[in-house]
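The following questions and answers are meant for a reader who is meeting this structure for the first time. Please keep the sequence and the model in view while reading.

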Amino acid sequence: MHIDIVTLFPNMFRGPFEESILRRAQEMGALSIAIHDLRLFGVGKHRQVDDVPYGGSPGMLLRPEPIVAAVESILDRPVFRGAGETVDLSTLPPIILLTPQGRPLTQALVKELAQHPRLVLICGRYEGFDERVREFLATDEISIGDYVLSGGELAAMVLVDAVARVLPGVLGYERGAEEDSFASGLLEGPQYTRPPEFRGRRVPPILLSGHHERIAAWRREQALKRTRERRPDLLGPTARPEDAGDR
Ligand code: ADE
């Protein structure tokens, strides 16, 4: 998978993309990431990327031209569906705005995104995007939660991390991602490692019993208990049937 990221702050990505799983995913060739500096596509001598909103509300908005120029340069083809222009969306990679107005990122969506050979992520800043970016350029908008970050960069990192770890071979142990919280639709239950006793607290004896079937049943029970206690919404009538088995 190849991921292009358009941002005003390329340096923000340095640390997180150079460590741990994301580093390994890139080294093994499962993932490549290109960071594109939006400023290079800015308008005029000052490479302006933002401006005040028409109608007078506070803050600044990202102008459409730099974002469209950046994405058309990255994909080397017209992508803006402006007046009279037709673009065959089926031949485009997803062009995703990171914004609190987007659809929520869930494990089901992560898996869906991981099916694509390429993604283009556009990080917002300031008060947001000129609406024409939404309407005529983006093919999707994603939010990582109901809170407002100072920009889409951290959200893009979260998305890339979540997608990278479900790519084939990246975790090294194939069952890893499947056993995570959400992958089964339940939160993960308690886990223990050595020592068997720590300051008087013992590991539940069942885990040391060697009875694989009983251990599996215990784990399932614990996962259900934890989900019931912490996230009953994942079990309840509001759970959407189409997500079953995908959280
Ligand atoms: N940009 C600002 N806040 C965001 C959020 N919650 N998710 C995605 N992008 C954002």
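Q: Is Arg 125 buried or exposed?
A: In this predicted model, a residue counts as buried when its relative accessible area is under 20%. The relative accessible area of Arg 125 is 15%. Arg 125 is therefore classed as buried.

Q: With which residue does Arg 125 form a salt bridge?
A: In general, side chains of opposite charge can pair when their charged atoms come close. For Arg 125, the closest N and O atoms of the pair are 3.0 Å apart. The partner of Arg 125 in this salt bridge is Glu 153.

Q: How many residues apart in sequence are the parts that Arg 125 and Glu 153 tie together?
A: Glu 153 belongs to helix H6, and Arg 125 to the loop between S6 and H5. Glu 153 has a relative accessibility of 0% and so counts as buried. The parts tied together by this pair are separated in sequence by 28 residues.

Q: By about how much of a helix are Arg 23 and Glu 27 separated?
A: The side chains of Arg 23 and Glu 27 meet in a salt bridge, at 2.9 Å from N to O. Arg 23 is partly exposed at 42% relative accessibility, whereas Glu 27 is exposed at 58%. Because the two residues are four apart in helix H2, their separation is about one helical turn.

Q: What is the N to O distance in the salt bridge of Glu 112 and Arg 103?
A: Glu 112 is partly exposed, with 41% relative accessibility. Arg 103 is also partly exposed, at 35%. Their side chains meet in a salt bridge with an N to O distance of 3.5 Å.

Q: How far apart are the end C-alpha atoms of helix H3?
A: Helix H3 has twelve residues, which at 1.5 Å a residue should span 16 Å. The distance in the model agrees with this expectation. The end C-alpha atoms of H3 are 17 Å apart.

Q: Against which elements do the buried residues of H3 pack?
A: The buried residues of H3 include Pro 64, Ile 67, Val 71 and Leu 75. Asp 76, with a positive phi near 55°, follows the helix. The buried residues of H3 pack against S1, strand S2, strand S4, S5, S6 and helix H5.

Terms used:
Residues numbered from 1 in each chain as written. Predicted model: local features only at pLDDT ≥ 70, side-chain atom pairs only at ≥ 80, totals over all residues. Heavy atoms only, no water. Expected span 1.5 Å × (residues − 1). Buried < 20%, exposed > 50% of the residue type's maximum accessible area, 1.4 Å probe, protein only. Contact = heavy atoms within 4.5 Å. Salt bridge = Lys/Arg side-chain N within 4 Å of Asp/Glu carboxyl O.
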